[in-house]
Amino acid sequence: MSEDKFDAIVVGAGLAGCTAAYLLAQAGLETLVIERGNFPGAKNMTGGRLYAHSLEKIFPNFAEEAPVERCIVHEKISFIDETRSTTLDYASPEAGDPANRSYSVMRSSFDQWLAEKAEDAGASIVPGIRVDDLIVRDGKVCGVIAAGEEMEADVVILADGVNSILGEKLGLVPKVSPHHCAVGVKEIIQLSEQQINDRFGCSGNGGAAWLFAGMPSAGYMGGGFLYTNKESVSLGLVFGLHNVAEVRKSVPQMLEDFKNHPTVKPLIEGGSSVEYSGHVVPEGGLAMLPKMVADGVLIAGDAAGLCLNVGYTVRGMDLAIASGEAAANAVIAAKEKGDFSEGSLSSYKSALENSFVMKDMELYRNLPGFLDNTRMYNEYPEMVTGIMNDLFTINGASAPLRKKVMPHLKKVGFMNLIKDGFKGVKSI
Amino acid sequence: MSDAVNVDVKLGVNKFFVDEGNPHIELVENPDPKEFAKLEAACPAGLYKKDESGNIHFDYAGCLECGTCRILCGNTILRKWEYPNGTFGVEYRYG
Ligand SMILES: Cc1cc2nc3c(=O)[nH]c(=O)nc-3n(C[C@H](O)[C@H](O)[C@H](O)COP(=O)(O)OP(=O)(O)OC[C@H]3O[C@@H](n4cnc5c(N)ncnc54)[C@H](O)[C@@H]3O)c2cc1C
Ligand code: SF4
């Protein structure tokens with residue numbers, strides 16, 4: 001048996017798993033990655049924007065060879081009600097430092113690229129196999145059981161995504177609660193490069209990211225997003241699951257109505273939908289973090305709840321990559337000591353605490369609570385679009401500006417405005 | 001604005017390998033209607049359906065493996081929720 005034993009087995013060839021596997025293999029550890037999809041990325045979807053910094057640290061200038069779609073240089077945020085929208089627009093040239101850039105990506109190709117990197121470094125990647133269970137002896141994880149076979153390792157890294165059934169079985173990961181997650185749906189809509197450049201004011205490799213608050217998530221916590229790819233746009237929305245009993249519209253209907261909104265429709269006109277995807281997003285922040293280390297096992301990425309809803313975007317991919325890196329470093333150090341106990345592997349936790357991962361999780365700890373306020377998705381978008389409507393509608397004598405704005409503020413309530421403004425500032 | 005969505009058409013463009021006769025998600029016999037209604041609203045693939053006579057239907061083919069129904073009703077009206085066996089299920093060409 002022992003000659004079959006691996007130094008490390010990684011479950012899941014997503015961004016967390018592939019990053020960990022690459023670094024482990026590079027350090028000379030015998031590493032096996034097991035992935036249930038037919039290839040790495042086959043099961044994965046995302047909204048579409050990768051903040052480059054954490055991968056840039058591992059592969060400087062990765063975007064020169066990795067299959068990224070476009071470098072995001074246009075940022076838009078719209079407040080939209082049923083028919084109207086007000087948009088904030090920010091444009092900047094591509095950042096000089098590659099670590100400050102962000103890219104639109106598609107996981108099916110991106111994960112394959114990262115997995116190839118891990119393979120080139122010497123990791124073995126076995127796709128098409130679901131890990132069913134873990135081998136646990138005397139409280140220590142010693143390997144995995146997959147397709148009726150046992151495979152042993154000194155250490156197992158669980159990078160199996162938001163529904164970490166294996167982490168739950170071990171008793172480390174609490175079952176994800178509806179309060180701590182959202183469901184995301186997305187369509188890839190094919191358009192020509194020229195159409196995208198014209199509609200979003202882009203040229204060359206530049207792309208746009210566009211967030212929509214209000215109507216897409218039917219007035220509840222969530223929001224719509226649009227990212228431009230080379231020859232398609234990723235259009236989707238997220239919806240906080242704890243409001244599901246309240247809502248009158250189904251999630252697929254929300255996406256359909258969003259596509260038909262007068263602001264969105266012209267953006268995708270004539271495009272054909274080539275894929276429809278869905279996935280849960282962990283959004284609980286600090287409140288949902290599991291026990292991330294035990295004897296012989298570490299948990300990384302979405303499986304560990306390392307994902308942030310920062311209001312204007314969901315961020316999980318850069319955290320998945322950084323946690324995969326931290327997990328690999330802890331395993332490499334444990335291998336040098338020949339000690340794979342919880343205590344030895346706990347350097348993973350301290351590395352996370354000293355990195356942006358936990359600092360950002362801490363910084364945004366109150367944001368999910370703040371964002372879970374229906375005023376954000378109803379009264380405020382209506383207030384802004386209402387003010388705009390009055391400002392830009394001329395029909396006869398004009399009223400003083402103050403008189404036009406006040407009724408809209410009153411409708412939301414001055415106390416609510418002050419309260420939400422105050423809480424908003426405090427939660428970031 | 002209020003065009004009724006046809007989810008089946010959307011799923012039609014996806015690539016699936018259905019594990020015939022081996023469902024990875026199963027409902028209990030008589031699911032609580034309130035719990036079922038949550039899944040009718042939340043399942044991105046619209047797989048939890050009620051017909052005109054109020055009969056409920058669920059089909060695991062077309063599942064996007066998003067995990068939503070497991071989180072919402074995993075301990076109420078779902079008897080079984082697993083990922084499909086290796087190689088089966090949805091395969092994203094874009095993601
Ligand atoms: C709609 C939506 C929009 C988002 N937008 C953004 C965004 O714009 N920017 C951003 O940074 N983040 C975004 N996120 C979050 C981001 O996608 C995730 O945080 C990220 O994908 C997590 O990566 P991961 O490697 O931890 O897990 P995953 O990518 O989920 O990978 C887990 C892997 O494990 C495999 N697996 C699971 N169980 C088993 C098993 N038993 N055996 C074998 N293999 C198994 C899966 O097949 C999968 O390949 C978004 C998420 C959603 C859903
Ligand atoms: S996992 Fe997602 S797509 Fe599949 S049945 Fe459940 S809710 Fe629907």
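**Aromatic contacts and pocket linings**

Analyst: B:Tyr48 has a relative accessibility of 3% and counts as buried. The model is a predicted one.

User: Why is B:Tyr48 called buried?

Analyst: Buried means under 20% relative accessible area. B:Tyr48 is at 3%, so the term applies. B:Phe36, with a relative accessible area of 1%, is buried by the same criterion.

User: Why is B:Phe58 called partly exposed?

Analyst: Partly exposed lies between the limits of under 20% for buried and over 50% for exposed. B:Phe58 has 21% relative accessibility and therefore falls in that class.

User: How many aromatic pairs are there over all chains?

Analyst: The count comes to 14. One of them, B:Phe36 with B:Tyr48, is edge-to-face, at 5.9 Å centre to centre and 75° between the planes. An edge-to-face pair needs planes over 60 degrees apart and centres within 6.5 Å, so these values qualify. B:Phe36 belongs to helix α2 of chain B and B:Tyr48 to strand β3 of chain B, so this pair ties together parts 12 residues apart in sequence.

User: How do you know that A:Lys76 sits over the ring of A:Trp210?

Analyst: The distance limit is 6 Å from the ring centre, and the charge must also lie within 35 degrees of the ring normal. The charged end of A:Lys76 is 4.8 Å from the centre of the A:Trp210 ring and is listed as sitting over it.

User: Which residues lie closest to the centre of the second largest pocket?

Analyst: This pocket holds about 300 Å³ of space. Of its 21 lining residues, the closest to the centre are A:Ser250, B:Glu40, B:Ala41, B:Gly46 and B:Tyr48. α2(B) gives the largest share of the lining, 4 residues. By class, the lining has 10 nonpolar, 4 polar and 7 charged residues.

Notes:
Residues are numbered from 1 along each chain as its sequence is written. Chains are lettered from A and ligands numbered from 1 in the order in which they are written. This is a predicted model: local features need pLDDT of at least 70, side-chain atom pairs count only at pLDDT 80 or more; totals for chains, interfaces and linings use all residues. Side-chain values use heavy atoms; hydrogens and water are left out. On a 1 Å grid over the protein atoms alone, a cavity is a set of points where a 1.4 Å probe fits but cannot get out, and a pocket is an open set with protein on both sides within 12 Å along at least five of seven lines; lining residues have an atom within 4 Å of a point. Grid points are joined across faces, edges and corners, and a volume is the space filled by probe spheres set on the points. Helices (H or I, at least four residues) and strands (E, at least two) are DSSP runs, numbered from the N terminus. Ala, Val, Leu, Ile, Met, Phe, Trp, Tyr, Cys and Pro count as nonpolar, Asp, Glu, Lys and Arg as charged, and the others, Gly among them, as polar. Rings of Phe, Tyr and Trp (its six-membered ring) pair if their centres lie within 6.5 Å; planes under 30 degrees apart count as stacked, over 60 as edge-to-face and the rest as tilted. Buried means under 20% relative accessible area, exposed over 50%, partly exposed in between (1.4 Å probe, protein chains only).
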